[in-house]
Amino acid sequence: MKFSPAAPLSLSLLLLLLFSATTSAHNITKILAKHPEFSTFNHYLTVTHLAAEINRRQTITVCAIDNAAMNELLEKHLPTYTLKNVLSLHVFADYFGAKKLHQITKGSTLTATMFQATGEAPGTSGYINITNMKGGKVGFANEDNDGHFTATFVKTVLEMPYNISVIQISHVLTSAAAEAPVAAPSDLNITTLMSEQGCKAFSDLLKSHLDVSKTFAENVESGLTVFCPTDGVLNGFMPKFKKLTKDGQASLLLYHGVPVYNSLGMLKSNNGLMNTLATEGKNKYDFTVQNDGDDVMLKTKVVTATISGTLYDEEPLSVYKVDKVLLPRELFKAVAEEPAPAPKGSKKKKSKKGGGDDIEDDSAPEPSPEDDDAPADESENLNGAISVKSSGWLVTVVLSVICVAFI
């Protein structure tokens, strides 16, 4: 093997590029998990989905408040969707480390928060005034709070210039606008929501089964996840749906609802069996959640559907589009594993038909290439090429170039 003199330099540059690309990301949940005094604040960042939004930002400041300060906020008993607006005031769309806070030009500055970014903040209520005060203190106040500083800088928790700065402030940043009542998800009309976003056929079926529609509505307040087949998918399935008994139709519709709130991130991290609104007694009516990278699949032993979009995601309600109707094994015959391909010229034997509880086997959907587990791409193994899905294209490129450098 011939060693190129340029290899050490090229290798160093590539490794530096790889290191900088893989370390720029941050995870606010993991950062705060090392500091138990912020456990309540950390918990509600997750509950309100702010954690995910923070992690997507590349330049941001998080003003953490300790458990005692959070308890004062929680005593107001604000709904989750209102609490999110309040906590959004504690996330700045700019980087403020300790040094920058104490060296603010002209002693005072305004910075936009994530509450301002929501578009729900009237006037300047989504801005925070940061001011250097006497004695080296730094004060924070909502711009609509008549200049009354409600919190001061306590300490730095973590600084990753100029990606994320996590600082502790003494008290909650208050705002009448942020605490104003917000329409609760339970006030939303689920069928209207689905009808307006590509799931009108499923919405119409819910409306035609009043008991089912009522069950969906009653579960919103305590937590509900809905998987909605798109119009094209459901319209093609209607001939089979009409063959079901009335109880079978109701069970199929209920099978598309889960009595627990699940964000997309939760579905990706909590793979496994999941009960549905149709689950009762011996009739399990469950399916398996499994993710493949960014794709989340729902496997019922009859069909495998993939989440193709999000219609609504605000705790306690989430509604997702799926590319297939979810078929429970209680109503349809389970699909056997695909046998090995027969040699060319040979004929496959016809399998015997067997009925489900409410419908015969010929009502089950015709097998399609999408239902089969796709074989691994053999090209990935040619010439010893390496594919690292978890690290993305950059890792693959870097490793490939490194190998070339040593040839």
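**Entry 1: a hairpin.** I began with the hairpin of β12 and β13, where four residues lie between the strands and K301 takes a positive phi near 75 degrees. I am working on a predicted model, in which local features need pLDDT of at least 70 and side-chain atom pairs count only at pLDDT 80 or more, while totals for chains, interfaces and linings use all residues. I count residues from 1 along each chain as its sequence is written, and side-chain values use heavy atoms, with hydrogens and water left out.

I noted that helices (H or I, at least four residues) and strands (E, at least two) are DSSP runs, numbered from the N terminus. Strands β12 (residues 295–299) and β13 (residues 304–314) pair in the antiparallel sense, over three bridges; two strands pair if DSSP finds at least two bridges between them. I looked up M297 and found T306 as its bridge partner in β13.

**Entry 2: the next strand along.** How many residues join β13 to β14 in their hairpin? I found two. β14 covers residues 317–322, and its antiparallel pairing with β13 runs over six bridges. Here I saw Y312 standing opposite V319 of β14.

Entry 3: I turned to helix α6 (residues 80–88) and asked how many of its nine residues are buried. Eight are, so α6 is largely enclosed by the rest of the structure. Buried means under 20% relative accessible area, exposed over 50%, and partly exposed in between (1.4 Å probe, protein chains only). My list of the buried ones reads Y81, T82, L83, K84, N85, V86, L87 and S88. They pack against α3 (39–47), α4 (50–56), α5 (67–74), β2 (91–92), α8 (114–117) and β13, a contact being heavy atoms within 4.5 Å. I was pleased to meet β13 again here.

**Entry 4: two helices together.** I checked α11 (residues 210–219) against α13 (residues 246–254): they pack at an angle of about 25 degrees, and their axes are 10 Å apart. That makes α11 roughly parallel to α13, a label for angles under 35 degrees. The axes are lines fitted to C-alpha atoms over the stretch in contact, with angles from 0 to 180 degrees between N-to-C directions. On the α11 side, V212, T215 and F216 make the contact; on the α13 side, A250, L253 and L254 do.

**Entry 5: the whole protein.** I ended with totals: the protein has 15 helices and 14 strands. Of its 407 residues, 40% are buried.

Note on methods:
Parallel < 35°, antiparallel > 145°, perpendicular 65-115°, else oblique.
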